[in-house]
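Work through the exercises below with the structure at hand. Each task is followed by a stepwise solution.

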Amino acid sequence: MKDSVGSAQSCPVLKLLSNKVGNILCFRNAPKKYRRLDAKLETKMIELKRSSSGQTNFRSINSIILKFPQFREGLKEIKAVFEQFDEDSNGTIDREELKKCVKKLQFHVKEEEINDLFHSCDVDENEGIQFNEFIVLLCLIYLLTDSSSSSRNTPKIGSPELEATFNTIVEAFLFLDKNGDGKLHKKEVVKALNDDCPSEKSPSHVTRIRFKEMDWDRSGKVSFRQFLFAFLDWIGVNTDDENHATER
């Protein structure tokens with residue numbers, strides 16, 4: 001199959017990963033600020049893995065790659081939300097703008113939790129949430145919001161399409177989490193890239209690079225938060241914005 005992770009030529013989107021993720025990796029030495037959030041996400045992923053009984057629509061890493069255009073399309077509407085609440089049009093959302101956004105979207109989140117999420121998603125620590133960070137933040141709020149606080153018939157987020165996109169990204173993580181402990185290990189990622197699709201086995205150095213792009217703190221374990229940032233780079237969610245910035 002052409003879109004193989006095993007070859008940079010066969011999947012052009014992945015050729016950009018090292019440069020793009022490299023900007024994030026300079027913050028890998030600050031794991032303490034993420035500890036509480038990652039623990040919550042780990043518990044949530046374990047819960048979702050158990051409730052799915054191991055069922056997944058994905059059979060190989062290529063089946064995930066083939067959905068990249070669908071992911072990009074599903075995340076586009078977040079751009080309009082981002083621009084609406086970026087009141088000063090400086091390309092970032094500050095804490096006060098974020099609080100207004102969360103209130104408008106009718107998320108049931110405490111102010112302390114908003115501050116924690118802001119702190120955890122502001123990876124470059126410039127006191128502003130950029131667009132890719134905003135996507136991560138919304139996805140994390142969606143995952144961690146208590147569904148019991150709203151009616152079962154009421155979606156946790158205003159858009160069914162966006163909710164479906166977030167659910168599919170979670171499913172991609174659960175596909176890689178082979179042992180269901182809520183985090184990714186190198187052996188699991190290698191298995192997903194190779195064993196599940198032996199005819200398209202990735203070279204060992206490519207597999208190492210893929211995992212390294214997710215494992216910011218070199219702990220050998222990857223949280224859903226780390227996976228999500230890397231995944232957005234993989235699907236090229238910032239490509240258009242970067243092109244526009246270059247044109248300006």
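**Exercise 1.** What percentage of the 248 residues of the protein count as buried?

Solution. The model is a predicted one. A residue is buried under 20% relative accessible area. By that cut-off, 49% of the 248 residues count as buried. The accessible surface comes to about 12800 Å², and carbon and sulfur atoms hold 49% of that area.

**Exercise 2.** Describe the secondary structure and the sequence range of the contacts.

Solution. Start with the elements: the protein has 14 helices and two strands. Then take the contacts with a separation of 6 or more: 68% of them join residues 24 or more positions apart.

**Exercise 3.** Locate Ser89 and state its backbone and exposure class.

Solution. Step one, position: Ser89 sits in the loop that runs between α6 (77–85) and α7 (95–104). Step two, backbone: its phi is near 55 degrees, which is positive although the residue is not glycine. Step three, exposure: the cut-off for exposed is over 50%, and Ser89 counts as exposed because its relative accessibility is 62%.

**Exercise 4.** Where in the protein is confidence lowest, and where is it highest?

Solution. Begin with the whole chain: the mean pLDDT is 75, with 71% of residues at 70 or more. By element, helix α1 (residues 12–15) is lowest at a mean of 38, while strand β1 (residues 184–185) is highest at 92. Next, look for stretches under 50. Residues 1–29 form one of them, with 60 contacts beyond four places in sequence in the model. Residues 148–154 also stay under 50, with one such contact. Where pLDDT is low, the predicted coordinates should not be read in detail.

How values were computed:
Residues numbered from 1 in each chain as written. Predicted model: local features only at pLDDT ≥ 70, side-chain atom pairs only at ≥ 80, totals over all residues. Heavy atoms only, no water. Helix = DSSP H or I, 4+ residues; strand = E, 2+ residues; numbered from the N terminus. Buried < 20%, exposed > 50% of the residue type's maximum accessible area, 1.4 Å probe, protein only. Contact = heavy atoms within 4.5 Å. Areas by Shrake-Rupley, 256 points an atom, 1.4 Å probe, with all protein chains shown as cover. pLDDT = per-residue confidence, 0-100.
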